Amino acid sequence: MRFDATGKVSLDHIYTQPDPRAYFNVLRPLGYCVPQQAKPYFAKLIKEYRDSQHVAVPQVLDIGCSYGINAALLKYDATMDELYARYDDEASQGMSREALLARDRELSRSRQPAQRIRFVGLDASDSALSYALGAGFLDDAVHADLEGHEPTPQQSAQLAGTDLVISTGCLGYVTERTLTRVVRAQAGRPPWMAHFVLRMFPFDPVERALDELGYRTVRVDGVFKQRRFASPEEQTLVLDTMSANGVDAGGLEAEGWLYAELYLSRP
């Protein structure tokens with residue numbers, strides 16, 4: 001196994017495949033579940049935004065969207081268990097990418113959207129974005145690395161009009177630089193935000209940057225399982241990182257799971 005600088009096992013390869021099969025094949029044994037846990041919180045926030053801001057079809061920007069998992073869960077009321085079964089079974093393993101896409105487009109067409117949302121995905125993986133867009137999970141896709149680069153005029157136009165910004169695990173790798181550039185791409189009111197952030201990553205720099213942009217951030221009570229550790233070595237390395245950052249892993253990560261916290265930021 002290869003590990004990144006934080007101590008986490010490197011899973012970069014599952015985000016750059018032509019379709020989601022490797023993603024689900026690798027993450028299923030690890031019990032990856034944070035999108036499912038995030039779903040009711042995102043749905044509630046979207047409803048609150050729609051009702052309070054009188055926006056019939058909010059535009060949601062999913063940062064680090066990969067293959068459009070959050071979009072599938074929120075727009076079409078899919079579940080993680082359903083998606084694991086969909087992509088990690090014997091039948092799907094023998095299908096071509098085109099056949100998988102056709103099957104997913106049928107899902108998008110056949111289900112009445114559970115939420116009236118316009119979903120935009122932001123990711124550095126062109127292959128993941130291409131699949132999510134072709135499957136009908138995303139309405140638009142922004143292929144960009146806003147950590148290192150300002151958005152192009154076209155990307156700024158795609159980001160403009162965002163009502164809510166969400167993420168489920170990318171913050172820590174994605175920083176306040178990306179969020180600041182997203183906010184500055186808005187021509188009107190700044191978007192609401194909801195981020196599930198692994199406890200091993202400090203959120204303070206993001207909160208300070210958002211505060212300077214006129215946001216107030218609150219942390220929701222409780223913690224949320226993300227996935228099991230891939231190996232004892234990964235657990236040891238992550239616990240070392242958490243200890244260095246002054247985070248107590250007792251009763252949580254020390255027991256074998258990565259945990260996230262939810263931060264809500266509003267103008």
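T217 is part of strand β6, which spans residues 216-219; strands are DSSP runs of E of at least two residues and helices are runs of H or I of at least four, both numbered from the N terminus. The model is predicted: local features need pLDDT of at least 70, side-chain atom pairs count only at pLDDT 80 or more, and totals for chains, interfaces and linings use all residues. Residues are numbered from 1 along each chain as its sequence is written, and side-chain values use heavy atoms, with hydrogens and water left out.

T217 has a relative accessibility of 14% and therefore counts as buried (under 20% relative accessible area; exposed is over 50% and partly exposed in between, with a 1.4 Å probe and protein chains only). Leaving aside residues up to four places away in sequence, T217 touches F203, E207, L210, Y263, L264 and S265, a contact being heavy atoms within 4.5 Å. With S265, the side chain of T217 makes a side-chain polar contact at 2.7 Å (a pair of N or O atoms within 3.5 Å; within protein, one must be able to donate a hydrogen and the other to accept it, and residues adjacent in sequence count only if both atoms are side-chain atoms).

The protein chain contains eleven helices and eight strands. Of its 267 residues, 54% are buried. Among contacts in the protein chain with a separation of 6 or more, 79% are between residues 24 or more positions apart. Along the principal axes, the C-alpha atoms fill a box of roughly 50 × 45 × 30 Å.
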